[in-house]
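Student: Could we go through this structure by question and answer?

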Amino acid sequence: MTISDAVNAYSVYPLIALFGYVLGSSNMAYYLAWIKGVDILSLGSKNPGASNALITIGWWAAVLVCLHDLIKCNLAVWLARVLFPDAACAAVIAGAACILGQMYPFYMHFRGGKGFAAYLSVTLALDWKFALCLYAVLIVLLIVTNYVVVCTFLTIVAVPIWLAATGRPVDAAWMCVPSAFILWKHRENIVRLRNGTEIGFRSAGRGDHRAKK
């Protein structure tokens, strides 16, 4: 590869990141809350993500949010691979940017979800075999602990470690970026978990904290 070729290859990375971010900014929780007349930004955890959709709207909303995140994140990674085959890090950059778009959408004053569902979706797109094993572990962990946040912490640590351990240190480094932002977004959950006031998964599922119209 000549210097010119290298410059041209790396110059597409900002475009890939922008593409991933814009696609990730689409927020199903926000759309559903608007349709239901619920202010998801002021209820529950005040974040328009799958967990708060479960708490404030219901199971069906959380499922739709997860499906939406799954599709958009896999689409971002797949399109990056197809459109930019010569850019070695295209897939992981698009995926990481998509997660950040979910967390900080420009049209919602950068008040988005906490990124967990999007992170899981990008993990599936990057390494589906590992992702399925991880999902199985998370289901067991959720049943045992009753806290989604515990599953979140395990995921954002396990994914970069797995990528690095399987010879993808650059991909691991890129995934550390959304991992750090997700950890920051969950700082209040850490406090609630320590104080014993964190909302459990089973309580949320029963609708004990659901918003009323």
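**Surface and helix packing**

Student: Is Val22 buried or exposed, or partly exposed?

Tutor: The relative accessibility of Val22 is 45%. Buried means under 20% relative accessible area, exposed over 50%, and partly exposed in between (1.4 Å probe, protein chains only). Val22 is therefore partly exposed.

Tutor: This is a predicted model, in which local features need pLDDT of at least 70, side-chain atom pairs count only at pLDDT 80 or more, and totals for chains, interfaces and linings use all residues. Residues are numbered from 1 along each chain as its sequence is written, and side-chain values use heavy atoms, with hydrogens and water left out.

Student: Which helix holds Ala17, and which residues is Ala17 in contact with, leaving aside neighbours within four places in sequence?

Tutor: Ala17 is placed in helix H2; helices are DSSP runs (H or I, at least four residues), numbered from the N terminus. Because its relative accessibility is 26%, Ala17 counts as partly exposed. Contact means heavy atoms within 4.5 Å. Beyond neighbours within four places in sequence, the contacts of Ala17 are Ile93 and Ala97.

Student: How do helices H10 and H11 pack, and at what angle?

Tutor: Helix H10 (residues 169-185) and helix H11 (residues 187-195) have axes 4 Å apart, at an angle of about 50°. Axes are lines fitted to C-alpha atoms, for helices over the stretch in contact, and angles run from 0 to 180 degrees between N-to-C directions. Angles under 35 degrees count as roughly parallel, over 145 as roughly antiparallel, 65 to 115 as roughly perpendicular and the rest as oblique. H10 is therefore oblique to H11, at about 50°.

Student: Which residues of H10 meet H11?

Tutor: On the H11 side, the residues are Arg187, Asn189 and Ile190. Those of H10 are Leu183, Trp184 and Lys185.

Terms used:
Helix = DSSP H or I, 4+ residues; strand = E, 2+ residues; numbered from the N terminus.
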